[in-house]
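Biologist: Can you take me through this one? I'd like to start with what sits inside.

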Amino acid sequence: MNIFFDKKRNAFVHDEEQSPFFWGAQDELLPLSNEKNEFTYKFKLLKTNQRVGPLIGVLTSKTKNGHVAGNKDLYVNLQKKLQSSGGLSFVYTLDDIAENFINGSFYVIEEKKWVQATFPFPNIIYNRISLRSEEKTEQFLKHKLEAMNQQCFFFNPSFIDKFSMYQLFKKNAYLRPLLPETSLIKGQEEFKNFLTLHPKAYIKPTIRSQGNGIFLVKKEGNGSFFYQKAETKKQFASFQDLWDHVESTLQKYPFIAQRDIESAKIENKKYDYRILSHYSNKEYQLTGVGIRTADINQITTHVSKGGSIIPYKQVRKASLEKVFYWILQECGKSLSNEFGDFLEFTIDLGRDDSGKLWIFEVNAKPMSFDETEIEEARIQALVHLFYEKSIFAPEPSI
């Protein structure tokens with residue numbers, strides 16, 4: 001059926017005589033009105049008995065100048081795909097939440113612009129908060145609890161830090177062999193002991209992503225230490241000299257030390273797999289795989305840090321994808337059992353020269369992929385998920 005938004009009245013209405021109709025998580029009344037003017041926008045939504053939807057809320061953050069933060073292309077493409085099949089999405093932040101409604105913004109495809117409107121609590125909330133600190137605020141925790149009390153389906157519930165992920169997966173007997181030895185750096189002695197056991201290690205902040213803050217340390221045979229962070233390379237005569245250099249950095253926030261894995265190489269460059277997964281039909285699906293290579297002089301494969309993209313088909317193997325599938329099931333189940341509904345995530349997997357796979361990181365808030373086909377598959381998978389977790393059956397075009 002069609003619903004309409006009257007910008008002058010800031011109200012959504014419908015024009016079908018067989019009233020009443022309801023929408024949102026708490027079945028808010030959708031008023032009947034036949035009045036239309038140049039300020040009226042039309043949307044197609046699905047109808048199940050007297051309920052209309054699905055209504056999807058995308059929760060995100062604000063920038064310092066008050067604008068919506070995050071992947072705007074993702075928000076726009078979700079709206080386009082939803083509207084092609086009978087759904088409606090809106091974007092909002094924690095500051096937009098009132099007691100019984102939300103002041104969000106929807107995207108008008110024909111006019112290529114965002115329009116503010118008042119919405120009921122949606123059927124589904126897709127958490128795209130971009131700041132870890134924001135997820136720890138009382139405001140976020142209160143909204144998350146209230147959304148669940150109002151029968152909103154809320155995913156993904158939170159960021160996860162690297163050490164929490166390591167501790168969680170270590171409990172899983174199937175995943176434990178895929179984890180490089182990792183330790184939380186609590187002080188000088190822990191750091192020194194780890195490098196004694198593992199002379200080459202990556203030092204990573206537990207709460208940052210995209211390769212930010214990572215540095216490499218290698219203990220040489222003569223007792224000296226090699227250090228590299230991005231383009232900066234240094235040699236230290238002793239561990240104490242190394243510690244004096246990194247101590248202030250390690251005190252800013254928690255860091256882990258992760259044993260280096262000698263990754264397999266393509267054209268003499270190490271590479272890893274970026275695997276995107278979404279939940280569907282009671283299992284975690286393989287949505288897409290990206291391959292990232294590190295420059296010969298770089299320590300990470302992140303494109304923003306000098307890494308490169310190569311086509312997945314160059315290394316694709318059906319037998320390997322069966323292993324990917326198995327890893328996704330175990331990671332997804334572990335995450336959801338521990339933290340709540342983790343229905344979208346990426347895994348950074350490495351592969352050593354023997355062919356063994358290693359789990360480096362899991363990202364609960366995937367960034368956009370440069371590969372267009374993966375981003376398109378992502379939109380398709382998310383919309384499938386929205387319908388699957390609502391009472392509205394998607395139309396055949398999905």
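Biologist: Which residues touch the most other members of the largest nonpolar core?
Modeller: This is a predicted model. In its largest nonpolar core, which has 56 residues, they are Phe169, Tyr273 and Ile359.

Biologist: What does Phe169 touch, leaving out residues up to four places away in sequence?
Modeller: Its contacts are Leu175, Arg176, Leu179, Cys331, Ser334, Leu335, Ile359 and Val362. Another core, of 31 residues, lies apart from that one, and Phe43, Leu94, Ile102 and Phe140 are among its members.

Biologist: New topic, Gln228. Is Gln228 buried or exposed?
Modeller: Gln228 has a relative accessible area of 6%, and buried means under 20%, so Gln228 counts as buried.

Biologist: Where is the place of Gln228, and what does the side chain reach?
Modeller: Gln228 belongs to strand S17, residues 225-229. Its side chain reaches the backbone oxygen of Ala230 at 3.2 Å. Not counting residues up to four places away in sequence, Gln228 touches Phe215, Leu216, Lys233, Asn297, Gln298 and Ile299.

Biologist: Now the sheet. What is the order in the open sheet of three strands?
Modeller: The order is S2-S1-S5, and the pairing is antiparallel.

Biologist: Why is one side of S2 and of S5 left without a neighbour in the sheet?
Modeller: Because strand S2 (11-14) and strand S5 (40-44) stand at the edges, and each has a single partner strand. From one strand to the next, the twist averages 30°.

Biologist: How many bridges do S1 and S2 pair over?
Modeller: Four, in the antiparallel sense, with S1 covering residues 2-6. As for Phe5, its bridge partner in S2 is Phe12.

Conventions. Residues are numbered from 1 along each chain as its sequence is written. This is a predicted model: local features need pLDDT of at least 70, side-chain atom pairs count only at pLDDT 80 or more; totals for chains, interfaces and linings use all residues. Side-chain values use heavy atoms; hydrogens and water are left out. A nonpolar core is a set of buried Ala, Val, Leu, Ile, Met, Phe, Trp, Tyr and Cys residues joined through side-chain atoms within 4.5 Å. Buried means under 20% relative accessible area, exposed over 50%, partly exposed in between (1.4 Å probe, protein chains only). Contact means heavy atoms within 4.5 Å. Helices (H or I, at least four residues) and strands (E, at least two) are DSSP runs, numbered from the N terminus. A polar contact is a pair of N or O atoms within 3.5 Å; within protein, one must be able to donate a hydrogen and the other to accept it, and residues adjacent in sequence count only if both atoms are side-chain atoms. Two strands pair if DSSP finds at least two bridges between them. Axes are lines fitted to C-alpha atoms, for helices over the stretch in contact, and angles run from 0 to 180 degrees between N-to-C directions.
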